[in-house]
Amino acid sequence: MAEAKASYDLIVIGSGPGGYVAAIRASQLGMKTAIVERAELGGICLNWGCIPTKALLRSSEVFHLITHAKDYGFSVENPKVMLDAIVKRSRGVAGQLSGGVSFLMKKHKIDVLIGTARLEKGSPAPKVIVEKGKGEGTYTAKNVMLATGARAREIPDIGLKVDGKTVWAYREAMVPTELPKNLLVIGSGAIGIEFASFYRTLGSEVTVVEALDRILPVEDAEISAFMLKQLGKQGIKFLTSAQVKSLKVEKGVATAEVQAKEGAQTLKADKVILAIGIVGNVENIGLEALGVKVEKTHIVTDGFGKTNVPGLYAIGDVCGPPWLAHKAMHEGVIVVEGMQGKTPPHKFDPWNVPGCTYSHPQVASVGLTEEAAKKTGKKLKVGKFPFIGNGKAIALGEAEGIVKTIFDAETGELLGAHMAGEGVTELIQGYCIARQGELTEAELLETVFPHPTLSEMMHESVLAAYGRPLHI
């Protein structure tokens, strides 16, 4: 395989959201492009992450509504969870979208090389060696992009290691054959909270252990406190400021020794979900031989996707937080356009990337938390509006929630927006546009929001920041 099999303008390694979007944009710009994938097109997000989990969560939302049918004027007797049908629907959704990515590759004339990629020294970019698949061969390119993603973090020394049977990561948690009676979730970030919400709604007893002092620790403190209260009402138990000292599995039962602020505790569970973070997929690609700079399992880039090796770029989860599909997609476009001399005037700004948690209730945010905003030294104006003051929320039967906005008092810049409640993962984009467009409170105050909608609360929160709320 010493001779190059084909040469490209760009080879993308990894076909997750970041990788396939980058490949499409490159093709649109006239670049001869190939993409390497060792498993399913669409990567983890489409096949084992973002999309199939939302299908599962939609099923749990429907079940929640069915069990509260009386509140809406219906009588539904003895609703039952058909777990196999729920999982089948989720896998069908994933399969449909993976097929859609295949269609997009053909439409944009992108060569799909099936196999495992590794890099060797080359010029003007590293050579790509594809093995163990139909795309086997040696390929050269003017540019190579790594979009290899990440995987669930494990700590084998204390027993936090996925065994596929009793101890799960996200992949196993999406295809259960039966509902666990008792579920232990270790980690309360978005992934942990989503699975906790899903399994609790379907009837499992759920305990969540979080090492930090609050759940959803990257969110605004008020939102974290609100979610702790709401999820607690649903019966989810939480241990915060708690360290798992050991986890052992015997005869299908997991036993966790936990040091909590209340003291040492022993927790037993049928299943355990590890949601303690992720590590970048940087092994066995040839990065060490090339001298690619890697810190804490993540590839270091310059903000425009460039690594320290000429012609080699990296995007998405393999580059570090925020570990979000939409961040990877946007990064991919920016990096490809930079290759064509269309580099934007500023580096990729993670503070304009929204974060979403699709539990019940949902959580969404963009920009600085109030705590982080205070640390800037700026004088702040903070507005809050409760769902109970919104007619549409009450009509939906979803009157528990909050919208919070944070402004620079001097300039009117929207520093951050934080929301919890029904539909907020859809609403947050309005604040994202405001931040990207550098709108101030003046434009937001004068914007007309349709009535009756949940979006009116976004307006009311801005009004509240400036002492002008109309409905509280």
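Predicted model: local features only at pLDDT ≥ 70, side-chain atom pairs only at ≥ 80, totals over all residues.
Local features are given where pLDDT is at least 70 and side-chain atom pairs where pLDDT is 80 or more, while totals for chains, interfaces and linings use all residues. Residues are numbered from 1 along each chain as its sequence is written, and side-chain values use heavy atoms, with hydrogens and water left out.

View 1. Let's start with α1, residues 17-28; helices (H or I, at least four residues) and strands (E, at least two) are DSSP runs, numbered from the N terminus. Because 10 of the 12 residues are buried, α1 is largely enclosed by the rest of the structure. Here buried means under 20% relative accessible area, exposed over 50%, and partly exposed in between (1.4 Å probe, protein chains only). Among the buried residues are P17, G18, G19 and Y20. Their cover includes the strands β1 (6-13), β2 (33-37) and β6 (137-146), along with the helices α2 (43-48), α4 and α9 (325-339). After α1 comes G30, with a positive phi near 90°.

**View 2. The crossing of α3 and α4.** The axes of α3 (residues 50-67) and α4 (residues 83-107) come within 8 Å and cross at roughly 145°. Axes are lines fitted to C-alpha atoms, for helices over the stretch in contact, and angles run from 0 to 180 degrees between N-to-C directions. On the α3 side, the contact (heavy atoms within 4.5 Å) is made by I51, P52, A55, L56, R58 and S59, and on the α4 side by residues including I86, V87 and R89. The contact residues divide into nine nonpolar, two polar and three charged; Ala, Val, Leu, Ile, Met, Phe, Trp, Tyr, Cys and Pro count as nonpolar, Asp, Glu, Lys and Arg as charged, and the others, Gly among them, as polar. Look for S59 in α3: this serine is buried, with a relative accessible area of 15%. Leaving aside neighbours within four places in sequence, S59 is in contact with I86 and R89.

View 3. Helix α6 (residues 190-202) has 10 of its 13 residues buried, so the rest of the structure largely encloses it. Ring pairs link W168, F198 and Y199 into a cluster; rings of Phe, Tyr and Trp (its six-membered ring) pair if their centres lie within 6.5 Å, with planes under 30 degrees apart counted as stacked, over 60 as edge-to-face and the rest as tilted. The structure holds four aromatic pairs. In one of these, the rings of W168 and Y199 have centres 6.2 Å apart and planes at 40°, so the pair is tilted. W168 lies in strand β8 (residues 167-168) and Y199 in α6, 31 residues apart. Both W168 and Y199 are buried.

**View 4. The pair F407 and Y466.** With ring centres 5.5 Å apart and planes at 70°, F407 and Y466 form an edge-to-face pair. F407 sits in strand β23 (residues 402-408), whereas Y466 is in the segment after α14 (456-465), 59 residues apart. F407 is buried, with a relative accessible area of 0%.

**View 5. I388 in its loop.** I388 lies in the loop between β22 (380-386) and α11 (391-396), and is exposed, with a relative accessible area of 54%. Not counting residues up to four places away in sequence, I388 touches I394 and A399.

Technical notes
Expected span 1.5 Å × (residues − 1).
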